[in-house]
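Colleague: I am new to this structure and would like to go through it slowly. Could we take it one question at a time?

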Amino acid sequence: MVLIGIKETDSEEEADYLLNKLLKMRIFPDEEGKMNKSVQDVDGELLLISQFTLYSSHKKHRPSFHKAMNFKDAEKLYDYFCEKSCEHIKTETGMFGEYMDIKLVNDGPVTIVIEKEF
């Protein structure tokens with residue numbers, strides 16, 4: 001499962017970069033138990049979920065979401081990311097902007113955040 005936060009300055013260029021990185025990241029165990037295989041190497045699948053709250057700011061007692069991209073543009077970029085992902089690997093998606101009840105079992109101690117820095 002991949003939680004996708006889209007910030008106001010993101011573009012298709014960042015989406016392409018992040019998808020490429022996501023598909024090639026060696027985060028699955030090899031025969032020796034070392035993180036040495038990508039999602040493609042293990043014939044995995046992706047579940048892509050939009051999560052604008054990843055770009056919230058918590059400086060005070062109430063979160064601010066001013067760094068998140070506006071709804072309309074974020075939906076377009078999320079759809080773009082999902083379409084590109086489907087070109088490379090089996091991909092399922094959540095429903096953009098909808099309330100969803102998602103259950104995740106984190107099997108292991110690793111959570112990875114990836115961003116493209118310019």
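Colleague: Is C82 buried or exposed?

Modeller: This is a predicted model, and every value I give is computed from it. Buried means under 20% relative accessible area. C82 has a relative accessible area of 7%, so C82 counts as buried.

Colleague: How many disulfides are there?

Modeller: A disulfide needs two cysteine sulfur atoms within 2.5 Å. The sulfur of C86, a residue that is partly exposed at 47% relative accessibility, is 6.9 Å from the closest cysteine sulfur, in C82, which is too far for a bond. By this rule the count of disulfides is 0.

Colleague: What is the distance between the end C-alpha atoms of helix α2?

Modeller: Helix α2 runs over residues 71-86 and has 16 residues, which at 1.5 Å a residue should span 22 Å. The model agrees with that expectation, because the end C-alpha atoms of α2 are apart by 22 Å.

Colleague: Which elements cover the buried residues of α2?

Modeller: The buried residues of α2 are A74, L77, Y78, Y80, F81, C82 and S85. What covers these buried residues includes β1 (2-4), α1 (12-24), β4 (46-50) and β5 (91-93).

Terms used
Residues are numbered from 1 along each chain as its sequence is written. This is a predicted model: local features need pLDDT of at least 70, side-chain atom pairs count only at pLDDT 80 or more; totals for chains, interfaces and linings use all residues. Side-chain values use heavy atoms; hydrogens and water are left out. Buried means under 20% relative accessible area, exposed over 50%, partly exposed in between (1.4 Å probe, protein chains only). Helices (H or I, at least four residues) and strands (E, at least two) are DSSP runs, numbered from the N terminus. The expected span of a helix is 1.5 Å times one less than its number of residues. Contact means heavy atoms within 4.5 Å.
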